[in-house]
Amino acid sequence: MRYAETGYNLEVDLSRGNIERVETDPRDTELYLGGLGTNAKIIWDRVPPEVEPFSPDNLLIFAAGLLCGTPATGCNRTIVTTISPQTRLMAFSMMGGFWAPELKYAGYDKVIFRGKSPDLVYLYIHNDKVELRDATHLRDKGSIATAALIQKELKEPKAQVAAIGMAGENRVFFASIEQGRSSASRGGIGAVMGDKNLKAVVVRGTKDVSIAKPMEYMELCNEVLEYIKFRNEHPIPGVMPILAGLGSPQEMKVHDEKWHTENFSWGNSRTRRKDFWNEDVAREWTETLDSMRTRLISCYNCPMTCGATISPPGMPTYMMKCFSKLTYTMAAMSDLEFGLGIAQSATEYGVDGFSAPQVMAFALELLEDGILTDEDFPGMPEDNEGRFYWLLDHIVRREGIGDILANGTYWAAKEIGKGAEEYAHNNIKKHEQLPLKLSMLNPIYFLMYATGEKINITQIEGQFPQAPFPKREHREAFVKDWFQVPDEKFKQYFLDWEPRGDNSIPYYPTPPMACDIVDWQERMHYIDDALGMCAGLSSFPLKPPYHLHNYPKFISAGAGIDMDTEKLTQAAKRYRTLVRANNTRRGMSRKDEKPPKDHWKKRFPELEKELLDTYYAFKGWNEDGIPTETTLREFGLDYVADDFLARGILKKDGDAPPKDDTPDQDKEA
C-alpha cells in the first residue's frame, strides 16, 4: 500500500506515440521524498550531460509533490523539470493552482515526456484513460485560450490544463507553461515543451489518495489552519507587508508599493527611483488596482487569497501571478495600468514575467545607445508603451530582432556584439534575474544568489529576516515565539545583528553564521519543492506554519515513512546535492557563482571569496564548488561519485578538481 503518493508514473514517448503506466520504487521516495527530489534522480539516470535541451532525449517531467492531493493546506505545487535552453543546466520550476492534486486524483505522481511528436498534440488524462490528441487546431493559440478550448472540446470544465502559448511553440528561451492562475516560468521550460510539439497536458481525476494515519494527519492540518488564523490576526510589527503575514510575494491585496518601487531597479534593472512614490502615485495605483482586480483567489486547498483575477479595459480577464504586477511597469518606466495590461498579453503568449520585461528594456537600451539602430526595429511605434507591446509580439513570434532577443539577454548580447554584453548585466548562470539592487553587499543574499540553482524570486527569501530590526528590544520581542528555528543559535544571530557598527552588514552575519542561515533557508525551499508545498506558507515568510519541526510529522502520518528532523534534513541535503551534481556534470562550477557586477553598489572581493570558500567547505564541496567524493558517499550518492571519478570531474587524491584552462568563464557544457 502506498500512502500520499500513488506509486505510478506515466511515461509518454512522443516520438512513437507510446504511453506506459509504470510502477515506481518506494525506496526512491524514502531517499528523495518526491517532487523535485525524485525528478533530480530521473534526470541523473536518464539525461546525461551530452543531451542538449532541444534534443528528443531530453526529458520534460511534470511532478506532483509528495503531499499534493492530501488535506495539507497549501500543498498544491507541480514541479516541472527539464534541461534549460537558456542556462544549459537542470531547470526546475514550480506552479501552483490545481493541476498537481488533479494528477494525484487521476492516479499518477508524475508525467514524464521524452521524444518529439511529429505533429502538435496534447495529452489527455482522465483516470485510467490516457491518450495523445491532435492539437494542430490550437497552434498559435494563447495559453489561457487553449485551456478554455480544450475544456470545451472535451466537455470537461473541471479538467486542469497546463499549456504553452506562442512563445513556447516558437522555442523562446524564457517561455513559460501556464496553468490557471499559476505558471512554471523559470528556465525556459515552455520552450522545451514547444520543441517536443506538446501544446498542453490535460488532467481530470476522481480517485482517492490514501493517508497512512488519517486522524493524526488531520490534527496536524488543523494545527496549521489555527496558526495561519493566529498569524493573520497578529501580523509581525515592523516588517514590510509581504512578510507581515503569510502568503505569496504577489500580495495582490496590497496597494502600497512604495518599498518595491523605490528599492527595486527600473528599466533594464539599472535605475533606482528613490523619489518615485508620492501621494498622487499611490492614489492612482490604488484606483487602477481596485478597478481592474475583479476578485482575490487562492490555489487548491489554501485560504490565503494572495492571487487575483485582473480585467484590463478591452482585454480578457486573466490571473495575475507573482511580481509581474510590477515587472513590466518598471521595465517600461510606466504606470500600473500599462503593467496590468501588457501582463495579460504576456500570459497568453506564455513568457516568464521576470525575463521578458528585462529583455525588452535591454533591447531599447541598445537602441538608445546606438548599438542597435532604427533599421533593427522597422515599424516599431514611437510611444513608450507601444514599443513594449511591439517588442513582445516580435519576440514571441521570433520575427526580425525578436528572433535574437528571444534567446534572452545573455545569448542575444553575444550574437549582437559591439559591446552589447555590457548591457546584459543582470544575469546569473546565463539567466535574467530580479530587478533588485542593494547598496551594501548582504552576505546572506550573496550566498543565496551565487550558489542558488532554483533561479527564482524565492531563492533569496527565507525564514530569517532580511535585515536587522532597528532596536534590540524589537529583536528580543521577535525571537520570543520564534519556534520555527532549527537551533537556538539562530535567535542569537538575529539578536546581535545591528543596523550599524561592528555587527552590521557586510561583515555580519559572519561567514560561518551566513552559511548556517543560508543552509536553513535553502533546506526549507528544497523540502517544499519535494513535498509540493507553497513557499508562501513555508520557506518564504517569517514564522510560517510549516517548518522543520512539524514537516517530519506530516511525512510520517501522511506518507507512512518513518521520519524525524535529522532524517528529513539528510534527505533534503541528498537531493539538493544531486541537483548540484546534475549541473556540475554539465560544466557548472565556481566560475559561474558570480552575482551581477552591479547588484550591490559596494562590493568586497576578499569577503566574497571568504564567503564562498566557507560555504563550499560547509556544504562538503571542494574549492571549485563540486561535491567531494566523501560528501557524495555520505549521502548514499555512490553512483554520482563513481561517475565523477570516471569523467575526471573528481580525482582520488583529495578530490582535487581537474585543471580547466578554458579562458571563457561562460564555456558551455
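**Notes on the predicted model**

The buried residues of H3 are Trp-99, Ala-100, Pro-101, Glu-102, Leu-103, Lys-104, Tyr-105 and Ala-106. This is a predicted model, where local features need pLDDT of at least 70 and side-chain atom pairs count only at pLDDT 80 or more, while totals for chains, interfaces and linings use all residues. Residues are numbered from 1 along each chain as its sequence is written, and side-chain values use heavy atoms, with hydrogens and water left out.

1. Helix H3 first. Eight of the eight residues of H3 (residues 99-106) are buried, so the helix is largely enclosed by the rest of the structure. Buried here means under 20% relative accessible area, exposed means over 50%, and partly exposed is in between (1.4 Å probe, protein chains only). Helices (H or I, at least four residues) and strands (E, at least two) are DSSP runs, numbered from the N terminus.

2. Asn-197 has a phi of about 60° although it is not a glycine, and it sits in the loop between helix H6 (189-195) and strand E12 (198-204). Asn-197 counts as buried because its relative accessibility is 16%. Ser-269 also has a positive phi of about 60° without being a glycine. Its place is the loop between strand E13 (265-266) and strand E14 (271-272), and Ser-269 is buried at a relative accessible area of 0%.

3. Two cis peptide bonds to look at. One joins Ile-505 and Pro-506, with omega about 10°; the other joins Tyr-508 and Pro-509, with omega about 0°. Pro-506 lies in the loop between helix H19 (489-495) and helix H20 (511-531), and Pro-509 lies in the loop between H19 and H20 as well.

4. On to charge pairs. The count comes to 54 salt bridges, a salt bridge being a side-chain nitrogen of Lys or Arg within 4 Å of a carboxyl oxygen of Asp or Glu. Glu-453 pairs with Arg-576, the closest N and O atoms being 2.9 Å apart. That pair links distant parts of the chain, 123 residues apart: Glu-453 is in the loop between helix H17 (443-451) and helix H18 (472-479), and Arg-576 is in helix H22 (residues 565-584). Both Glu-453 and Arg-576 are buried. They also belong to a network of salt bridges that links Lys-429, Glu-453, Asp-519, Glu-522, Arg-523, Arg-576, Arg-580, Glu-593 and Lys-619.

5. Two further salt bridges. Arg-387 and Glu-368 form one with closest N and O atoms 4.0 Å apart. Here Arg-387 comes from helix H14 (residues 384-397) and Glu-368 from helix H13 (residues 355-368), 19 residues apart. Arg-387 is buried at a relative accessible area of 16%, whereas Glu-368 is exposed at 56%. Asp-642 and Arg-633 meet in another, at 2.8 Å from N to O. Asp-642 is partly exposed at 42% relative accessibility, and Arg-633 is partly exposed at 29%.

6. Last, the cysteines. With a disulfide taken as a pair of cysteine sulfur atoms within 2.5 Å, the count comes to zero disulfides. What keeps Cys-302 from a bond with Cys-534? The sulfur of Cys-302 is 6.1 Å from that of Cys-534, its closest cysteine sulfur, which is too far for a bond. Cys-302 is buried, with a relative accessible area of 17%, and Cys-299 counts as buried at 8%.
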